[in-house]
Amino acid sequence: MMAMALLRTRDAIVGAELITPEAGTPSSLDMAGRLERLDGDHRAAVIAGELLEDISFTFEDYTPAETTCRTATVLRRTTDGDALNASYTPFAEITRPGLAEFSAAAQMVANYAELRADRSAEIQVQTQHLIPFFASIMPMEPSRAPAIREALFTALDMATFVVMRVKLALGCPRPTQFTDRIQPMISCPTHATLPSGHSTQAFTLATLLSLLQDPDAEVQPDSQLYRLACRIAINRTVAGVHFPADSAAGAVLGIQLGRYMFQRARAEITGSGELGHASFDGSKFTDGTHPRDFHYAILNEMTTGADPSASFPVAKTPVRPAPMWGSLAKRAAEEWGQRWS
């Protein structure tokens, strides 16, 4: 109806007159300015492309007996060279547990089923939505913080892109493949289990929001943001679809992705951003001879060096600026600075 109405209106007021076009003027907006004018989905595609074009992967330790790899490393492009002569450096390395470690942890997953009735609402909502849980901790209503929320949706997409590639390479089995007594309360995803995608996403969001408040913040496992990330991760074990090791691996990967995204924006905004290299070794994620659980106290051990399964070295190297992502992050930082207005 609208199309027909517009067609008839043009015929009535334009008729068959000759058109004299304007000469036009060059654009006064740079790429970041033009980016703001795009529809949200197109803007998201540009920003995700910019962030992903600097990421690569290596997959190691294939054995003749297995078609999966033992270690997946996420790399980022260094500041050396140009696009045709790029070099890369690791920023997250994930090593899978063996089948014996997964099998031993199946009883722990089964024990978590006792919490399902209590956490049912959370678990079901979190299959689709994570940001509202973080928005209950920090003020970021849609009308007052659109850039912050857009940045978080970008982070969710980034985490999915990266974690799915790592999952595919490591090919780790789900708890339900070890016993028919787990009986998950939600549909079990068809992709591999480690790292947990929900854990990766939750820790990416927690890290970005923590750095939004304090650009030099370290991981504070007892903070509300990281407690929430831990709970979201643990809920996937309660649901029966993930092992605790999956959550731990996702925590390391998510923290590093959050830092990667923040530092690339920081390099664009301030001219200086640096990132280190973290790792998780699932074969060491044990409590003596027993499988290990995951919660915020364990996260504290992992990030402080007290847990041998995780490493967050202090050494850092510069990251490349990301102009498009940086323009969104700058607007997000401005919104945060205006939260009292």
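Select D222 and R227 to begin: these two form a salt bridge, with their closest N and O atoms 2.6 Å apart. A salt bridge here is a side-chain nitrogen of Lys or Arg within 4 Å of a carboxyl oxygen of Asp or Glu. D222 counts as partly exposed because its relative accessibility is 49%, and R227, at 32%, counts as partly exposed too. The scale runs from buried (under 20% relative accessible area) to exposed (over 50%), with partly exposed in between, using a 1.4 Å probe and protein chains only.

Before moving on, a word on what you are looking at: this is a predicted model, in which local features need pLDDT of at least 70 and side-chain atom pairs count only at pLDDT 80 or more, while totals for chains, interfaces and linings use all residues. Residues are numbered from 1 along each chain as its sequence is written, and side-chain values use heavy atoms, with hydrogens and water left out.

Next, select D54, R264 and R320, which salt bridges with shared partners join into one network. Zoom in on R264 and D54, whose closest N and O atoms are 3.3 Å apart. R264 sits in helix 10, whereas D54 lies in the loop between helix 3 (40-52) and strand 1 (55-60), so the pair links parts of the chain 210 residues apart. Helices (H or I, at least four residues) and strands (E, at least two) are DSSP runs, numbered from the N terminus. Is R264 buried or exposed? R264 counts as buried, because its relative accessibility is 1%. D54 is buried as well, with a relative accessible area of 2%.

For another setting, select R181 and D180, whose side chains meet in a salt bridge of 3.4 Å, N to O. Both R181 and D180 are exposed. The count for the model comes to 11 salt bridges.

Now switch to cartoon and find the open sheet of five strands, ordered 1-2-3-5-8 with mixed pairing. Two strands pair if DSSP finds at least two bridges between them. Strand 1 and strand 8 (310-311) are the edge strands, each pairing on one side only.

Select strand 2 (residues 71-77) together with strand 3 (residues 88-95): they pair in the antiparallel sense over seven bridges.

Strand 2 is largely enclosed by the rest of the structure, because seven of its seven residues are buried.

**Pockets and a cavity**

A pocket is an open set of points on a 1 Å grid over the protein atoms alone, with protein on both sides within 12 Å along at least five of seven lines; a cavity is a set where a 1.4 Å probe fits but cannot get out, and lining residues have an atom within 4 Å of a point. Grid points are joined across faces, edges and corners, and a volume is the space filled by probe spheres set on the points.

The largest pocket holds about 460 Å³ of space. Select A217, E218, R259, P313 and K316, the closest to its centre of the 25 lining residues. Helix 10 supplies the largest share of that lining, four residues.

The second largest pocket holds about 280 Å³. Of its 18 lining residues, L212, F262, A329, A332 and A333 are the closest to the centre. Its lining divides into 15 nonpolar, one polar and two charged residues, where Ala, Val, Leu, Ile, Met, Phe, Trp, Tyr, Cys and Pro count as nonpolar, Asp, Glu, Lys and Arg as charged, and the others, Gly among them, as polar.

Finish with T207, S210, L211, A217, E218, V219, Y226 and R259, which line the largest cavity. About 40 Å³ of space lies inside this cavity, and helix 8 gives the most to its lining, with three residues.
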